[in-house]
Amino acid sequence: MSAILVPVCEEEAAGMIRAAAAAGRRLAISGGNTRSGFGSPVSADAVLRSAGMSGIVAYDPAEMVMTARAGTPLAEIEETLLDNGQMLSFDPIDHRAIMGTDGEPTIGGVFATNASGPRRLSAGAARDSLLGIRFVNGRGEVIRAGGRVMKNVTGLDLVKLLAGSHGTLGFLTEVTFRVLPRPKTEQTIIVSGLDDEAAARVMAAAMGLSVEVSAAAHLPESVRGRFLGGHLPEGAATVLRLEGLAASVPVRAARLRELFGRHAPVSANENEASAHLWRQIRDVAPYADSTSRPVWRVSVAPSAGFQVVAALRLEAGIDAFYDWQGGLVWMRMEADPEPDLLRRAIAHFGGGHATLMRASAQMRTTVPAFEPLSPAVAALSARVKQQLDPAGIFNPGKMAGL
Amino acid sequence: MSETIAFLKPRADVLARRSTIIADLADLLPPEGLVHEPRELVPFETDAFVSYRRLPLAVALPTSTAEVAAVLRYCHRYGIPVVPRGAGTSLCGGAIPQEDAVVIGLSRLSRILEIDPFNRTATVQAGVTNLAISDAVSPEGFFYAPDPSSQLACTIGGNIGMNSGGAHCLKYGVTTNNLLGVTLVLVDGTVIELGGKHLDAAGYDLLGLVCGSEGQLGIVTEATVRILAKPEGARPVLFGFETSEEAGACVADVIGSGIIPVAIEFMDKPAIEICEAFAKAGYPLDVGALLIVEVEGSEAEMDAMLSLIVEIARRHGVRTVRECQSATEAALIWKGRKSAFGATGRIADYICMDGTVPLSQLSHVLKRTGEIVAGFGLRVANVFHAGDGNMHPLILFNANDPVEAAKAETAGNEILKLCVDAGGCLTGEHGVGIEKRDLMRHQYSEADLAQQMAVRAAFDPQWLMNPSKVFPLEGRPAA
Amino acid sequence: MQTSFTAEQLVDPQVAESEKILRRCVHCGFCTATCPTYVTLGNELDSPRGRIYLIKDMLENGRPADAEVVKHIDRCLSCLSCTTTCPSGVDYMHLVDHARVHIEKTYTRPPLDRFTRALLAAILPYPARFRAALRLAGLARPLAPVFARVKALSPFAAMLQLAPKALPSASPASSGLLAEPGLRRGRVALLEGCAQPVLDPGINAATRRLLARFGVAVVSPKGEGCCGALVHHMGREADALDFARRNVDAWMAEIEGEGIDAILITASGCGTTIKDYGHMLRLDPAYAQKAARVSALARDVTEYLATLDLPRLAARGLTVAYHSACSMQHGQKITLQPKALLKAAGFAVKDPAEGHLCCGSAGTYNILQPEISAQLKQRKVRNLEATQPDVVATGNIGCITQIRTGTEIPVLHTVELLDWAYGGPKPARLPA
């Protein structure tokens with residue numbers, strides 16, 4: 001790749017894209033470049049980065065809405081929100097540790113990858129918080145979609161389409177998103193010693209209660225030691241997060257402890273320890289091992305997660321832990337990524353998708369990183385892409401098969 | 001009244017082949033599955049946006065995904081427009097047909113297919129009503145959160161088409177935030193599955209795109225939705241204020257203070273009177289504006305939250321605070337609110353606006369709305385979801401008076417433009433339909449609209465699906 | 001909703017009234033959700049909103065009824081669930097009444113349909129004829145499956161299937177019991193009715209005993225008969241008004257004689273109609289006022305009993321699924337009293353799911369629309385049985401007959417249970 005293009009404003013970006021489209025020059029899109037190992041390898045002639053377009057454009061805490069340029073560092077946004085007692089509800093994962101990248105994650109990158117963490121289970125994904133966007137399409141036209149109000153059904157929801165499209169449909173220049181009040185207090189209930197299946201049942205039971213568990217994860221014995229400096233209690237840890245008013249969290253916690261304490265040892269972590277644990281789960285701490293051993297991110301029904309893992313264990317060397325009530329499986333392969341085995345198992349247990357998050361450069365060229373789509377959906381996706389990026393200049397190859 | 005919004009000109013070739021089309025469609029459907037006698041078509045000429053009416057060519061009432069696919073495949077092959085219809089409760093004319101169109105009614109796809117408490121999902125056919133989902137999962141301790149006021153009658157298919165909201169969306173989000181998967185029949189009859197019981201998309205978020213696409217991208221025949229554990233308790237509280245401005249300011253302060261109740265609903269004096277007459281819910285009649293604030297959780301939690309809200313309300317001069325004392329009372333309070341539009345029929349005809357504005361603009365827009373409507377010599381009742389700025393001015397008029405009807409429509413358009421100009425949008429939860437189609441250029445630039453239309457055309461290049469709706473008739477990309 | 005009637009059309013008071021009703025409808029569609037036929041058939045034409053539209057179109061254009069419109073109006077149960085649901089206050093009952101009269105006047109039904117309806121109108125309102133017909137039905141019962149196979153004859157199959165296998169003996173002398181001496185809390189007229197005393201004379205007998213026990217004198221005015229509901233719902237307006245006038249005369253004699261506190265009705269279907277006499281006869285100068293007085297005095301028996309403040313009894317360990325007849329809950333909006341009375345009398349009362357839906361009886365509906373009626377019955381029985389009751393209680397003979405053909409659980413009138421609880425004999429249908 002020769003050039004690195006870093007426009008400082010939307011107009012400049014549009015000009016660069018128009019020029020690229022005219023010249024048939026393909027662009028690799030990036031923000032802070034911390035998630036660039038995503039997907040299949042991109043073959044591009046230049047890199048287009050949003051990092052030059054930075055800054056919070058509008059933020060009124062009473063409205064719970066913020067608008068920021070796409071290249072604004074996530075850290076800057078989170079700090080501003082923290083100062084006002086607010087937060088991003090969807091827990092964007094920081095990919096640096098697991099992907100072995102450095103750089104500064106940007107808010108545009110967060111939404112372009114729909115990067116969501118543990119609280120996604122209860123509060124929705126990045127795409128659910130995203131209210132409006134500005135982007136440049138493959139023709140170099142500036143497009144505005146959505147708005148800055150919570151409820152808006154005016155026209156087609158291009159906002160959702162662009163979220164999670166990994167820079168293949170447009171170059172985000174500005175994002176407007178909903179933020180939430182930061183909970184006053186939090187507590188994590190830890191149920192110890194459960195096997196994967198029992199843990200799935202406990203998590204399902206907890207989510208079925210009126211105690212508003214905001215996140216539920218299961219950390220099998222093999223990964224337990226990698227969290228909180230090894231200070232989690234003996235045995236696998238099934239962890240349930242409670243957040244909210246000081247008047248209510250202890251009451252809800254007591255209910256969970258009473259219910260699950262009958263069958264297994266139960267303990268609790270509060271506030272900073274609890275928050276730290278969930279950051280580690282969010283950022284996939286156990287597999288931030290500075291290797292390039294393949295890591296999959298698997299999304300299935302919560303009842304299917306442990307079954308997929310159990311089926312694979314019979315045929316491949318894997319390690320896994322669970323978030324999202326057991327429906328999000330982080331899976332590290334000992335050697336081969338075994339995409340066919342994995343994808344067959346997912347289909348067998350009711351469907352979902354697996355994304356190859358990390359792998360050696362060689363593996364990434366041979367294994368489709370994103371779940372292959374059915375022919376009809378793939379054809380439809382290709383037609384959609386055609387309407388936004390007719391010349392195919394954005395991130396070619398990244399979502400191979402689309 | 002004279003119509004100001006045009007429908008597409010009927011395709012002459014389709015009209016000419018009417019009898020053949022009817023005979024062919026009848027073969028694809030079960031007995032009584034096709035309505036085509038002219039007199040029987042009349043009740044399908046409109047939905048809950050009665051200002052506009054068009055007879056359809058025929059109405060198909062399929063009973064399976066396969067039948068929907070067969071009808072679509074046929075219509076696609078012969079270039080026949082299609083208008084999907086759920087329960088016909090659209091307030092923007094989303095289900096109004098046109099002379100050359102086959103209406104595909106989903107009312108017979110009314111089975112609940114699976115309730116899965118472990119994964120907290122319900123899978124239902126598209127014609128199942130919104131409330132029926134909550135009723136079905138209630139014995140297991142769950143509910144389906146989005147609750148449009150028409151939830152008794154409106155279908156989940158229609159909810160997905162319009163990305164419907166409701167009072168409790170302040171906390172739980174709208175349809176798109178609670179939808180996990182759909183079975184979608186594309187315009188050519190191809191059946192695809194998007195999503196499922198897992199979270200997020202494998203590729204592009206086509207599910208997110210389909211939700212709210214107003215029947216233009218395909219027809220949803222089945223849906224898997226998220227169900228949630230019922231809260232331990234819920235308590236609606238009535239706050240009466242002297243003026244709408246005070247109530248509006250109170251809403252902004254409550255949200256700004258970091259408290260998010262499950263719902264904050266607003267009614268002005270005319271709306272209070274209308275709803276009280278129907279529901280006898282005990283709304284205070286001596287106040288100028290009313291907020292229904294609902295909190296939920298344990299008793300301790302509700303008490304804690306309420307004391308904070310009451311404190312804020314006092315700062316804004318609240319005159320009456322009434323906590324409801326029983327589940328029956330709570331049900332009546334919500335019944336009154338949710339019947340507001342229909343109950344308005346007791347005193348006048350109305351059109352219902354649906355613009356959303358930033359909370360800081362609420363008071364200003366309320367005031368201007370009153371002025372605009374008064375300027376036309378009409379009356380307005382306001383009842384809406386204040387917590388998220390989603391306004392529903394009901395413009396009252398006499399439908400048998402063409403002059404008044406025209407004034408009401410013009411006033412409505414001015415109000416919607418006002419919402420956009422205040423930083424909001426034309427529609428928060430009802431959809432664009434036919435009603436707001438020609439205002440789209442007020443909210444979007446040509447490039448914005450062209451991009452949306454191009455994406456739409458990727459699904460339906462011939463513009464056969466609900467073609468007179470959503471996008472202005474000019475500037476549509478050719479097939 | 002916008003309407004378009006000419007000034008000339010509006011001269012007709014019926015049309016003028018219907019126009020007013022139509023103007024209230026805002027087409028919101030809420031009514032579709034609670035309409036039993038829409039829920040069953042899934043076609044908007046078989047929903048209140050669809051029918052309102054069909055009627056509107058027919059009346060606005062001053063058109064005679066045609067086969068399509070008739071099909072969908074005929075499928076209406078007149079359960080009035082829609083009027084309970086309607087937030088706009090659309091008076092669907094009087095609109096559909098008008099439509100039925102219009103149909104009867106302007107539409108010629110196929111011969112067999114005409115015959116069936118004439119037969120029903122000639123037999124059901126007259127106890128002696130009805131009793132004789134039921135005896136014949138007993139003989140003809142083996143033919144039911146034969147009739148059922150031919151669609152046009154299905155009403156006859158339905159009639160035979162509905163006819164009770166054994167007929168109770170003719171009702172005891174209607175003079176009845178007098179109040180206990182020394183205790184006189186009221187004086188009421190009790191409607192004897194037409195079909196009920198033939199099918200289940202025990203209901204009014206229990207009513208008399210119960211009232212007597214609490215000091216209420218019961219009279220049966222001479223000349224009173226069928227309330228007219230059966231023919232009213234067939235659109236036979238003149239017949240219906242004749243029945244109404246006859247009853248008004250009978251009751252007025254009592255009202256103006258010794259005086260009565262109420263006219264009690266033990267079949268809610270009849271109650272709905274009698275409470276509407278004032279409206280039905282509003283255009284008859286000779287009867288309008290009298291009919292209004294009668295309607296004002298009409299009470300369902302449970303409405304009246306609720307005013308007597310009956311003593312609370314200890315729990316008796318019997319679970320009652322209460323089926324609220326449509327005419328009770330939608331027609332008369334009586335929802336609380338029957339259940340409160342049963343609870344006070346010591347019964348555990350359960351509400352079945354989908355309680356707003358009709359059981360499919362609806363006057364002669366189960367005869368004229370047997371397929372839809374059977375589906376509704378099945379659904380109703382399923383919901384009732386799901387509450388695992390010992391007995392089903394309801395306040396309308398039509399529902400009692402209908403539900404009895406669908407379940408083994410005993411189905412009784414609410415007053416039969418109350419009479420038993422307050423010292424009367426145990427109803428024969430309850431297991432020993």
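Between domain 1 of chain C and domain 2 of chain C the count is 0 salt bridges, a salt bridge being a side-chain nitrogen of Lys or Arg within 4 Å of a carboxyl oxygen of Asp or Glu. This is a predicted model, in which local features need pLDDT of at least 70 and side-chain atom pairs count only at pLDDT 80 or more, while totals for chains, interfaces and linings use all residues. Residues are numbered from 1 along each chain as its sequence is written, chains are lettered from A and ligands numbered from 1 in the order in which they are written, and side-chain values use heavy atoms, with hydrogens and water left out.

The domains of chain C are domain 1 (9-106) and domain 2 (310-421), with bounds from an automatic or database domain assignment. Their centres, taken over C-alpha atoms, lie 27 Å apart. Each of the two contributes 16 residues to the contact, where contact means heavy atoms within 4.5 Å.

Of the area that domain 1 of chain C buries against domain 2 of chain C, 37% comes from C:T40, C:L77 and C:C79, more than from any other three residues. Across this interface there are 4 residue pairs in polar contact (both at pLDDT 80 or more). A polar contact is a pair of N or O atoms within 3.5 Å; within protein, one must be able to donate a hydrogen and the other to accept it, and residues adjacent in sequence count only if both atoms are side-chain atoms.

On the domain 1 side, α3 (36-41) and α6 (81-85) of chain C each supply at least two residues, and α3(C) gives the most, with 5 residues. Helices (H or I, at least four residues) and strands (E, at least two) are DSSP runs, numbered from the N terminus.

The buried areas of both interfaces are tabulated here; buried area is the accessible area (1.4 Å probe) that two parts lose on being put together, summed over both.

| Interface | Buried area | Share from carbon and sulfur atoms |
|---|---|---|
| Domain 1 of chain C and domain 2 of chain C | about 1,200 Å² | 66% |
| Chain B and chain C | about 3,100 Å² | 51% |

Between the chains, 39 residues of chain B are in contact with 36 residues of chain C. The count here is 4 salt bridges. In one between C:R23 and B:D349, the closest N and O atoms are 2.7 Å apart. The chain B side that touches chain C draws at least two residues from each of α3 (38-41), α14 (340-344) and β16 (349-352) of chain B.
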